[in-house]
Amino acid sequence: MRNKKYPYYENPQIRDLKDLLAVKAEAHPEKSAFVYPVEGGEMNKDYIDLYNDVNALGTWMYGRKLQGKHIAIIGENSYEWIVTFFACINGGNVAVAIDKGLPENEIAELLKKGDCNVVMVSGACKNKIKKKSGRRIYCMDDFEAYLEEGRGLLRKGKTEFRKYNVQQDKTAAILFTSGTSGFSKGVELTNRNIAFEINNTCKLFRLEGNVLAVLPFHHAFGLIVGIMMVLYHGQTVFINKSLKQVKNNMEEFEPQTMFLVPLFVEFFHRQIWAEIRKRGKEKAFRTLMKSTNMMRKVGIDVRKLTYDSIRKVFGGKLEYIISGGAPLDPMYVEEFRAWGIEILNGYGTTECSPCTAVNRPFHHLDGSVGQLVPGIDARVTDEGEVVFRGDLVMKGYYKDPEATDQVLIDGWYHTGDLGHITEDGFLCLTGRKKNLIILSNGENISPEELEMDFARDDAVLEVLVYDEQSKIVAEIYPDEEHLGDQMYFDALKDKINKGRPLYKQVVRVKLRNEEFIKNASMKIVRHKNIFPAQADEKKSEK
């Protein structure tokens, strides 16, 4: 099918997440909802199993007087995590998702910030939770015992949880932001927010195969897009338990679609080209790619056969990668497309539940972050900032009215991102408002543009561009082969500067020997990587 506008997909609508589970259990009772590794093999949970397990755990919660509580969920990606989340929000509790990778003191701070009365924690993370008077802690290692107790209560006629009427505008979940600008804020999402997001985003893309879930469930992209939308389409999720097992999981499960952040895309791309260069085939392979691209333009598509060895890296059946969470260079989209894998770049924010735009399989604009989700209002302010309004926008930041008022103005959520919207409804981003480098001559520069140019070089694993004493600096974490190779990166700087106006040229390259600090979305946290060093310089000056 040619790349052109086509109608939205028509799907049955859900009222809330309780409705989602009930509808899918009735429609596909014996279809696998989740598959995940266990000792000695793998576990398969059908849609009816998922529905019954959520009801059993929710009934257990009610039996333990866990009603109207803020329940923290802390642990690695697991079926138990998902069931706990659904049981919380489908019974009127508030699910507070917390990153298991945070240090103990930060977890303690988020538990306090989220007013968590109860903690559901995996056995591997239990030692991170300090016992506190009045806070109840339950371990997911005892999950089966909780389910059995809940089933027993159901047999005795305890059906209060099953009969609970979900309040659409009550806070259902608190997901902490993991932005690049600073301190975590608790985003309050409702069933109305999440149901609207699922109903409307799924009009742009129809999932027709299995999904391998690798993104963290405590993050909105990994949870709402990577799990709930898959369930909405009635497909099967294979839960990856360890990033070390991603390659094996892809080969075993043969996913049709994966939801990834750019870091994964860049890693896979780097590994593929490294293998091609190792065999001395780079020039021949690029010639082959040009040839098959030309053939495709005249209607001859031989990609599946020609690039079978590359496709086998992903299990052999991968058709789509939905990429979000950070900017992605269009070069990756073009090269993966040449190999027969379409990357659909999208954009969102936790505060918008999270997806606001995504490219479609047969209507995409390279360099954009996709078509706007139908049903939302979007515009660009006079300052160039992208803002949104609609049922997908959060209630606010939990117990932080000042921060809420800064981003929610007259019903519009101000993203802090700069961009424009095309006539066809594609959203194009140019940078972050707060990241702009404003030079003494009044020129404004988006560091993201310069970072993308450096990142295209295989020797650059990570890069940050920033202003240092009115001079543009690029700080680079190189690959192992180029550690400390200042001459190589100075030459790269000169190459990138060529043809650019003087004010837009990088003056200096700094090299580092360790990765930048990143957040849960694997985005570099600018304030932690730049400002501390500058603060140290100011202290030394004093």
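Q: How many aromatic pairs does the count come to here?

A: First, the rule: rings of Phe, Tyr and Trp (its six-membered ring) pair if their centres lie within 6.5 Å, with planes under 30 degrees apart counted as stacked, over 60 as edge-to-face and the rest as tilted. On that basis the count is 22 aromatic pairs. Keep in mind that this is a predicted model, where local features need pLDDT of at least 70, side-chain atom pairs count only at pLDDT 80 or more, and totals for chains, interfaces and linings use all residues. Residues are numbered from 1 along each chain as its sequence is written, and side-chain values use heavy atoms, with hydrogens and water left out.

Q: Why is the pair of tryptophan 81 and phenylalanine 217 edge-to-face?

A: Look at the planes: they are at 65 degrees, with the ring centres 5.9 Å apart, so this pair is edge-to-face.

Q: Which parts does that pair tie together?

A: Helices (H or I, at least four residues) and strands (E, at least two) are DSSP runs, numbered from the N terminus. Tryptophan 81 is in helix α3 (residues 79-89) and phenylalanine 217 in the loop between β9 (211-213) and α8 (220-232), so the pair links parts 136 residues apart in sequence.

Q: Is tryptophan 81 buried or exposed?

A: Buried means under 20% relative accessible area, exposed over 50%, and partly exposed in between (1.4 Å probe, protein chains only). Tryptophan 81 is buried, at a relative accessible area of 1%, and phenylalanine 217 is buried too, at 1%.

Q: What about the rings of phenylalanine 238 and phenylalanine 253?

A: Their centres are 4.9 Å apart and their planes at 40 degrees, so call this pair tilted. Phenylalanine 238 belongs to strand β10 (residues 237-239) and phenylalanine 253 to helix α9 (residues 246-253), so the parts being tied are 15 residues apart in sequence. Phenylalanine 238 and phenylalanine 253 are both buried.

Q: Where does the charged end of lysine 18 sit?

A: A charge sits over a ring if NZ of Lys or CZ of Arg is within 6 Å of the ring centre and within 35 degrees of the ring normal. The charged end of lysine 18 is over the ring of phenylalanine 161, 5.1 Å from its centre. Likewise, lysine 185 lies over the face of tyrosine 397, 5.2 Å from the ring centre.

Q: In what order do the three strands of the open sheet come?

A: Strands pair if DSSP finds at least two bridges between them. Here the order is β24-β25-β26, with mixed pairing. β24 (460-468) and β26 (508-511) are at the edges with a single partner strand each, so one side of each has no neighbour in the sheet. β24 pairs with β25 (residues 471-478) in the antiparallel sense over eight bridges, and valine 460 stands opposite proline 478 in β25.

Q: At what angle do helix α2 and helix α5 pack?

A: Axes are lines fitted to C-alpha atoms, for helices over the stretch in contact, and angles run from 0 to 180 degrees between N-to-C directions. Helix α2 (residues 47-63) and helix α5 (residues 143-155) pack at about 85 degrees, with axes 7 Å apart. Under 35 degrees counts as roughly parallel, over 145 as roughly antiparallel, 65 to 115 as roughly perpendicular and the rest as oblique; α2 and α5 are therefore roughly perpendicular.

Q: How many residues of helix α14 are buried?

A: Eight of the nine residues of α14 (residues 330-338) are buried, so this helix is largely enclosed by the rest of the structure. Among them are Tyr332 and Phe336.
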